[in-house]
Each structure stands twice: as C-alpha cells, then as structure tokens.
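Please keep the 3D view open as you read the points below.

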Amino acid sequence: MSLWSAEQEIKAGMEERVTYADLRFPPTPDLVQQQVSCPHDLWSTEESPSYGQQTLQAQCQFCPVGWLWDAGHCYYFSSAKKAWEKSREDCCSRGGQLVTIQDNATLAFLMRTANMEVFHVGLKKDGYVSDWKWLDGTMLKGIFPIHGYTRSYQACGRVSGLGLLSGLCSEPLGWVCKQSAATLQWLQSSPPAFVWGNTTYSCVRP
C-alpha cells in the first residue's frame with residue numbers, strides 16, 4: 001500500500017469518528033454576546049432533578065458586547081457625555097441602571113477602569129442637609145469617603161481613578177451602567193445538557 005493511500009485511510013477513519021452537537025439556544029433578542037468568564041476547571045457536584053442522579057456542573061457568564069465583566073456583573077462605560085439624569089435614562093434603556101457601589105472590590109474595579117476619566121454613578125443628594133443615597137435606596141453612610149464639596153441644592157456622585165467624588169448633576173460626563181451577567185450552566189450528564197435561565201437544553205446529534 002502506498003504512503004498516500006495509507007494517509008487517506010487514516011483521514012477517513014478520523015472523519016468517521018467526528019461527533020457533532022447541535023446547541024439549541026433559547027430565543028432571545030440579544031444573541032450577540034461576549035463570553036468573559038468561564039472557569040471550566042471549577043466543577044461542582046449537584047443532585048439533578050432532571051436525571052435523578054449526581055451531575056458535574058460548570059458556569060460560564062456572558063456580558064453584552066461592549067460591556068466589561070467583573071465578579072458576576074456587567075459594566076458599560078460610556079464614551080458619550082450627558083448630565084446625571086440623562087445618564088440614568090440611558091442605563092435604563094440598556095436594561096441596567098447607573099452603577100451602585102456596595103463594597104471596596106467594586107469601587108477598586110471602577111477606579112482602575114475609569115483611570116483619569118470621570119463617570120456618573122447612581123448616587124445622589126437632594127438638599128443641603130440630606131444624606132447621600134444610592135439608586136437602590138441604600139444610604140452611603142460613610143462606607144466610602146466622598147471627595148469634593150458642591151455648593152448646590154442637588155449633588156450627584158461620580159467616580160474616577162481618585163475615588164468617589166461629588167459634583168453638579170447637570171455637568172455632562174461619561175457614565176457607568178451595571179447589570180447582572182447572563183449565566184450558562186453546563187451539565188455533564190447523559191445526554192449532555194446546559195441550563196440557560198430557567199430552562200434545560202439538551203445537546204443532540206443532528
């Protein structure tokens with residue numbers, strides 16, 4: 001048998017062993033997404049109600065294109081500049097909200113990403129003696145120091161590489177929106193499957 005014939009038989013044998021999977025994703029208006037976190041080496045064991053047996057699981061998280069992933073959330077840093085209220089409306093139109101900051105890790109991520117630029121965040125103060133309040137209803141309460149003083153009845157929060165700042169709500173700045181990352185949960189089961197939202201999808205041959 002010639003060397004060429006042997007190579008052809010080997011290739012034919014390899015082709016016969018190829019297995020294809022058809023991943024049937026749910027109908028969603030935002031199919032163009034960017035994978036940003038998929039720790040395949042972190043598997044956990046869980047009792048599966050679908051198959052009545054233990055299965056191995058791994059989670060991959062996705063953010064819309066143009067958003068940044070950090071710790072299970074997606075962040076949009078705008079290039080345009082608007083006043084605080086218009087910034088809040090833009091975030092709502094994108095399915096998120098102006099970012100709220102409840103821990104030092106989130107603040108550090110925003111400061112690192114903002115660098116020398118300044119961005120509106122979901123923090124506002126109405127009245128000279130009122131408290132700073134986040135859009136989710138929680139108070140600032142000295143968790144983070146806020147720098148600067150605004151001689152105005154209304155003041156809004158902003159973030160830069162210097163930290164959390166105070167400024168005029170009417171000043172046009174960039175802004176940061178936040179939303180939860182979409183999670184795809186893989187199941188190592190028979191047949192292989194994954195969970196998207198509240199639905200389990202099986203991987204099937206064509």
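This is a predicted model: local features need pLDDT of at least 70, side-chain atom pairs count only at pLDDT 80 or more; totals for chains, interfaces and linings use all residues.

1. Residues are numbered from 1 along each chain as its sequence is written, and side-chain values use heavy atoms, with hydrogens and water left out.

2. Leu110 and Leu164 have the most contacts inside the largest nonpolar core, a group of 19 residues. Such a core is a set of buried Ala, Val, Leu, Ile, Met, Phe, Trp, Tyr and Cys residues joined through side-chain atoms within 4.5 Å. At least two of its residues come from each of β5 (73-77), α3 (104-114), β7 (119-126) and β10 (154-160). The largest share, four residues, is supplied by α3. Another core, of twelve residues, lies apart from this one and includes Trp67, Cys91, Cys156 and Cys177.

3. Now for the chain as a whole: it has three helices and 15 strands. These are DSSP runs numbered from the N terminus, with helices being H or I of at least four residues and strands being E of at least two. Of the 206 residues, 37% are buried. Buried means under 20% relative accessible area, exposed over 50%, and partly exposed in between, with a 1.4 Å probe and protein chains only.

4. Why is β7 largely enclosed by the rest of the structure? Seven of its eight residues are buried, so the rest of the structure largely encloses β7.

5. Which strands pair with β7? Two strands pair if DSSP finds at least two bridges between them. β7 and β10 run antiparallel and are joined by five bridges, with Lys124 opposite Cys156. Strand β12 (residues 174-180) pairs with β7 in the parallel sense over two bridges, and His120 has Trp175 as its bridge partner there. Strand β8 (residues 133-134) pairs with β7 in the antiparallel sense, also over two bridges; Trp134 of β8 stands opposite Leu123.

6. Finally, is Val65 buried or exposed? Val65 counts as exposed because its relative accessibility is 52%. Val65 sits in the loop between β3 (53-64) and β4 (68-70). Its C-alpha is 9.5 Å from that of Tyr76, eleven residues away in sequence.
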